[in-house]
Structures are given as structure tokens and as C-alpha cells.
Amino acid sequence: MKSKLSTLALALAALAVSSTVAAKTLVYCSEGSPENFNPQLYTSGTSVDASAVPVYNRLVDFKVGTTQLVPSLAERWEVSEDGKTYTFHLRKGVKFQSNKYFTPTRDFNADDVIFSFMRQKDPNNPYHKVSGGTYSNFESLEFGTLITGIDKVDDYTVRFNLAHPEAPFVADLGWYFASILSAEYADAMLKAGTPERVDMQPIGTGPFKLAQYQKDSRILYTAFAQYWGGKAKLDRLVFSITPDASVRFAKLEKNECQVLPFPNPADLPRMKANPDINLMSKAGLNTGFLAFNTQKAPLDNVKVRQALALAINKPAIIDAVFQGTGTAAKNILPPGVWSADSELKDYDYDPAKAKALLKEAGFANGMTIDLWAMPVQRPYNPNAKRMAEMIQADWANVGVKAKIVTFEWGEYLNRVKSGEHQAALMGWTTATGDPDNFFGPLFTCTSANGGSNSAKWCYKPFDKIIAEAKTITDQDKRTALYKEAQQMMHDQMPAVMIAHSTIFEPVRKNVSGYEIDPFGKHIFYQVDVK
């Protein structure tokens, strides 16, 4: 009997091993740990990649690798003649994932859409304050006042009522914060007294479900077999959390991971020469910039901001930091975004003029300033520490002493959000391709108050232009207003625009179907591996 049982155990073990070997696994060398798994609450690309992309869907999305809007959880929609009512017809038969705490009893429906938006909009919603309760993107778009109500017409029809017409509204619903969560899961966790579980152990309708997370080590996802779009080709997706770009590359060379983001520009020639690696590239819809906290002296003085901009040798930074992978920026809008003003004249590198302006501003004897540099590579900044050192040297030439400061990425973002910085290296990759997605979240008065406005800049004439442009559907008229806004930013200098970078992503040649996303996400649903 014993030998029969041993034989059976061995056979089962062998079966388990062979099924594990047969499972298609892709390892992605991620650059950091997510802040949590709810993209309503956090805006960093690291958190978006770990939550919005694999686990969740939105009403609309973008065709992989493009800026083309396509239906997702909403199969179609209609807009009223006055532009103030949007009716979405929801996809039927969409399943939610499950975990050890919750098994759904119903398919996705209108209740989930309403919960996902009302959590962010309604201060009295029981989930509004859960997990810190800050909804930067929702608030920066002023969705709280824009959306006057959401009606459940029936289980599969939802109507959004707006205070006024909003040209980018549907595109904004493809943004990560508009991911759809399970209302049933939220109710169950509220009853269990563990509402935060919704944000840390997510359940969505997306192609992969979260199986395991070890902070600063790895995230394991498994394919969701009942995904409405059909099961992913991969069985397992692993995020191997590897903050150092050179270590990521070493892992890629050894086939310990198959895709990596944010390579060191200096490593690109070696990647190109490796026969096992396909070095992919695409112009990124991104901008790296240096934000001045305009609410803190001496950066509340426009002459000081202009002087500091004139003192930065931008071409030298582009050469040294981007090494041919970036172009100098003069606008917040990259050249690939419509309405970017190619005629605008950038500030020249002019230390003498910078000194004269500092003298006019009352700083003939110089000043001291904290210069913050992010600790991770981003699509818009491959080496913030090196960039900060170069700016520090440039400012020293005009009598400005800069002290370089950094923190862990999540803490860095939180401290910038609360306005602790004086000057901070930041950046942005558009989530929608609409120009408003740069101006609204980054530089309006609303977004200065706890949103993504790292310059804390609130300038009423600028706000007026941005608000007006959103209500117009005529693209020529919107373009004229956005060009006016770009000139205003140039004159007021809330931030020095530094670079637009090309996105490079090395991928092992046994990977097929991978596309670089212009919005900076990393999407694996359509990917296969040999």
C-alpha cells in the first residue's frame, strides 16, 4: 500500500512540475514597488502598471500601441445635442475576478460603474476616505463639479450628466483613475471591516489577477481564464522589482527577465548589438521638467524663476543625460500632441542675463535653494541625479547654491504633492493624448491644491483659457487657446521644460506581440512568449 501511495505522490509531483514548466511565464523587470493597487488613488506609472493595466478595465480604452480610443467595458455611447449627457451601453457577460476573501455572485453591471466614480466624487461615500482618500486625477479634472449626477438607466446602461460640455470627456474616461472596481467586493469588505483590502488585494475585470505581492521583490499575476476578451496567451506574469537600470539589463541579458523599462541611455548600443534582444523605440508623449514651487519664496518671484531658467544649459543636459534619446523641450506639450506651439521661442542659455535678473529681484549676492531629484528612472528622465548635478553646477555659476535632495519614490511624490519642495525634477506622460491632459492636471489652480500641480502654480488668466478650451469642440479654436496658454507659461515660468524623450524598451526575441505604449504603460495581454 505504502509503495502505491509513494508512486502516486511521485506521479502527482511530476505532473505538477510538468504543468508548471508548460505554463507560459513572462518576467517584466519593473523599476519599483507600487504604492498600492488602486489607480484612483495613485498617479505614478509604477502603480498604474501594477494595477490599472493588468487587473482593471475602463469604460473605454486605447488600442494597444496607439492613441486611438476604442470601446472596452462600454460597447458604445451616445452624446446629447447639448454635449451635457453621455449615455454608455455596457458590455454583458463580463466576469469579475475572485480571491480568498471574495467570490462574486454576479457579472459586471451599472452598479460597479456608479460605485467607481461616486467613491471619488461623494465625500459621504463610505469608501471616499479609505486608504487616504486622495483622488488627484479625478480632482485635477474637476470631475467632482463637472459630473452633476450618474443615473442607472438599467443594469447595462449608465448616464453621466455634466454641468457643461467637456470636449475631452470620453478620452478622460480611458485614463487610469476611471478604472472600474467591483461594488459587490467593496460592500463585502466594508461589512467585514476591512475596506482597505479593496485597494491592496484588487479584484477587477482585467486579463490578469493578482496572485502574490512581496514589496520590493516581486508581483505575481495569473491569467484570468474568464476574461471577457479571451484568456491571455501568457499563463503567468511576474514583475521582478529591480530599481537599478544596470541590474535590470544584466537580468535581461541572462534571460531572467524578458522586458525591461527605462534602460540607461549608455547601455543602448550594447542592447542593439545583442542578437537575442530586440531594442524597440517610439517617440514618447512625455515631458520632463523642473517644477518651481511658486508658493514659496524666493520662487514666488517670476524674475527669480526666469533667471534660474536662463542659467540652465539645456543642450548640455540633453547630451549628457539623454545621450541622443531626447530633444530639448520648450513647451509642456510634446511635438506629437496637436496644438504644440512650434513657433514659441525658448529661453536661451544666458548666465549673464540670469545674474542681471537675480540682481533686479534683490539677489545680487545669490541665494540657497533645495533641488529635489527623483530616485528612479522615468520615461521623461533617465537619470535625475545626473541632471540635478548639472543644474547645480549651472546655478553655482550665477551665485545660486543648490542642495540636492531625494527620497524613496512614493515618499518623493507625496512630499511634492504636499508642497514641501522648493524646486523638484518631475515629468508627465499623457494618459489620453488630448492637450488638456497636460494643462489641466499639471498647472491649473484646482490641481495646485493636492493634485499633480508640482509647481503649486495658480494663475487666473491661465485657468480661464484652459477652462474655456475644454468646453469647445472646434479643434482650431482650442488650438488657438492652447497656444496662448503656452506663451503664458513661457512668460510666467512655473517650470523649466527640459526634454521630450524617445521611449526605448529592450525585449527578448522570444517575446512576440509586445508594443510600446505611447502613454508609458506596459501592456502584456496581447503578448506571447516562446
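Predicted model: local features only at pLDDT ≥ 70, side-chain atom pairs only at ≥ 80, totals over all residues.
1. Strands, as named in this note, are DSSP runs of E with at least two residues, and helices are runs of H or I with at least four residues, both numbered from the N terminus.

2. By kind, the residues that line the second largest pocket comprise 15 nonpolar, five polar and four charged ones.

3. The largest pocket has a volume of about 680 Å³. It is lined by 41 residues, among which Thr43, Ser44, Gly45, Leu413 and Trp428 are the closest to the centre. At least two lining residues come from each of α2 (45-50), α4 (136-140), α15 (409-417) and β16 (423-429), and the element that gives the most to the lining is α15, with five residues. In the lining of the largest pocket, 17 residues are nonpolar, 17 are polar and seven are charged.

4. How many disulfides does a search of the whole structure find? The search finds two, and, with the bonded cysteines counted along the chain, their pattern is 1-2, 3-4.

5. Cys29 belongs to the loop between β1 (25-28) and α2 (45-50), whereas Cys257 belongs to the loop between α9 and α10, so the pair ties together parts of the chain that are 228 residues apart in sequence. Since buried means under 20% relative accessible area, Cys29 counts as buried at 0% relative accessibility, and Cys257 likewise counts as buried at 0%.

6. The other disulfide joins Cys445 and Cys458, whose sulfur atoms are 2.0 Å apart, and with 90 degrees about the S-S bond this link is right-handed. Cys445 is placed in helix α17 (residues 445-448) and Cys458 in the loop between α17 and α18 (460-470), so this pair ties together parts that are 13 residues apart in sequence. Cys445 is buried, with a relative accessible area of 13%, but Cys458 counts as partly exposed, at 39% relative accessibility.

7. Which residues of helix α9 (residues 245-253) are buried? They are Ala245, Arg248, Phe249, Lys251 and Leu252. Viewed down the axis of α9, these buried residues fall within an arc of 160 degrees, and so they line one face of the helix. The elements that cover the buried residues of α9 include β10 (236-240), α10 (268-273), β11 (277-283) and β17 (495-508). After α9 comes Asn255, which has a positive phi, near 60 degrees.

8. Two further residues deserve a look for their backbone angles. Glu142, which is not a glycine, has a positive phi of about 60 degrees; this residue sits in the loop between α4 and α5 (143-146) and is partly exposed, with a relative accessible area of 33%. Gln323, also not a glycine, has a positive phi of about 45 degrees; its place is the loop between α12 (314-322) and β13 (326-328), and at 42% relative accessibility Gln323 counts as partly exposed.

9. Asp187 and Val198 are eleven residues apart along the chain, and 9.8 Å separates their C-alpha atoms.

Definitions and conventions. Residues numbered from 1 in each chain as written. Heavy atoms only, no water. Buried < 20%, exposed > 50% of the residue type's maximum accessible area, 1.4 Å probe, protein only. Arc of directions from axis to C-beta. Contact = heavy atoms within 4.5 Å. Disulfide = S-S within 2.5 Å. 1 Å grid on protein atoms, 1.4 Å probe; cavity = no way out; pocket = protein on both sides within 12 Å on 5 of 7 lines; lining within 4 Å. Points joined across faces, edges and corners; volume = space filled by probe spheres on them. Nonpolar A, V, L, I, M, F, W, Y, C, P; charged D, E, K, R; others polar.
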